[in-house]
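Here is a short briefing to read alongside your structure. It takes the sheet and its helix to begin with, then the cavities.

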Amino acid sequence: MKYIDEFQNPELAKRLLDDIHATVTRPWALMEVCGGQTHSIIRHGIDQLLPEKIELIHGPGCPVCVTPLELIDKALEIASRPGVIFCSFGDMLRVPGTGRDLFQVRSRGGDVRIVYSPLDALKIAQDNPDREVVFFGIGFETTAPPNAMTVHQARRLGIRNFSLLVSHVRVPPAVEAIMESADCRVQAFLAAGHVCSVMGTEEYPELAERHRVPIVVTGFEPLDILEGVRRAVRQLERGEHRVENAYPRAVRAEGNKAARAMLEDIFEVTDRGWRGIGVIPASGWRLAPHYREFDAEYRFSVTGITTTEPAECRSGEVLQGLLKPHECEAFGTTCTPRNPLGATMVSSEGACAAYYLYRRLGGTPAPLEASPVV
């Protein structure tokens, strides 16, 4: 399959690593924004193959992980109501709310269904006109266009028993918030390639210039990540702070114009809470006023939500890059994928889940020729 073997080539990986080792002269801290990149880094041992002077900090790039607890509790309340069919991607069902999760709601009689597309939820609404069907729309700019299209289709087809519980977040304001934090150690960013394939790179040059940080748009295969690191380190060593596109096979500066137009019509920018981080101004989307009838929060008027995070869970620090997962006292003991305290241990893109799957037993990477990077 094209773009699989080519981007896991061990000889090319060694060349990139040799170049990085030859270039770096001082310590640098780089943040990969995307949870998918985090999993690739930990799975392939990339962080252990890099020079000791380079630290990879894991960012808040997991949409499941940053969905605020209050919104999860609202989802649980809506899913528990009679006459509601609540639809979600599978990785949200085990994300803990305050005292329960969606699986537990389903075990107690709630009609909670796993779907693979928001259009699946729309079809369920068509087939069940006497029921209210809600889709839990989470994610970054990558998943927002299909959710927007589903709302557009619901109106076009006159399906009035469908609504969207929206928890969409935007990456550039999160980068801004990270850089403005007093605890920030990040000196360069590996930007998420799939987000930029939708939105382009137009929002990043101002961030790079204002905070004087290199931002390199990066893919997800081992060679993609190594090339992103190589370009970021070269800029840091030269005292540069530019936006570079190291993922040109998927990303254009202007992004996907049709998807962006759909987003501008269906959604409007709003302040959004991030789980473990807090409210980041202008960091999310909500349905625009002319689509308010499809807004599940508005339709169900869920109020009076009181949230409580487990005191021993430090996922907020993990999401901000202040703590590595294995440095949390609960990691792998009271917090496991079977009994998670926080979303970072549940999600397929969560940093804690990555460490549990690939790094829990410790050890050192194999020689490059036998390393999982191939």
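Which residue in β2 does Met-31 stand opposite? The residue facing Met-31 is Ile-57. Please keep in mind that this is a predicted model.

**The sheet**
- Five strands form an open sheet with parallel pairing, in the order β2-β1-β7-β8-β9.
- At the edges stand β2 (54–58) and β9 (243–245), each with a single partner strand, so one side of each has no neighbour in the sheet.
- From one strand to the next, the twist averages 25 degrees.
- Five bridges join strand β1 (residues 28–32) to β2 in the parallel sense.

**A helix on the sheet**
- Helix α12 (residues 222–238) packs on the sheet and touches β1, β2, β7 (188–192), β8 (215–218) and β9.
- The direction of α12 makes about 170 degrees with that of β8.

**The cavities**
- You will find five cavities of 30 Å³ or more in the structure.
- The largest cavity has a volume of about 90 Å³.
- Of the 13 residues lining the largest cavity, Cys-313, Arg-314, Cys-328, Cys-335 and Cys-352 are the closest to its centre.
- Nine nonpolar, three polar and one charged residue make up the lining of the largest cavity.
- The second largest cavity holds about 60 Å³ of space.
- Its lining has 13 residues, with Gly-59, Cys-62, Leu-319, Glu-349 and Ala-351 nearest the centre.
- Helices α2 (35–44) and α15 (315–319) are the elements that each give two or more residues to the lining of the second largest cavity.
- That lining divides into five nonpolar, seven polar and one charged residue.

How values were computed:
Residues are numbered from 1 along each chain as its sequence is written. This is a predicted model: local features need pLDDT of at least 70, side-chain atom pairs count only at pLDDT 80 or more; totals for chains, interfaces and linings use all residues. Side-chain values use heavy atoms; hydrogens and water are left out. On a 1 Å grid over the protein atoms alone, a cavity is a set of points where a 1.4 Å probe fits but cannot get out, and a pocket is an open set with protein on both sides within 12 Å along at least five of seven lines; lining residues have an atom within 4 Å of a point. Grid points are joined across faces, edges and corners, and a volume is the space filled by probe spheres set on the points. Ala, Val, Leu, Ile, Met, Phe, Trp, Tyr, Cys and Pro count as nonpolar, Asp, Glu, Lys and Arg as charged, and the others, Gly among them, as polar. Helices (H or I, at least four residues) and strands (E, at least two) are DSSP runs, numbered from the N terminus. Two strands pair if DSSP finds at least two bridges between them. Axes are lines fitted to C-alpha atoms, for helices over the stretch in contact, and angles run from 0 to 180 degrees between N-to-C directions. Contact means heavy atoms within 4.5 Å.
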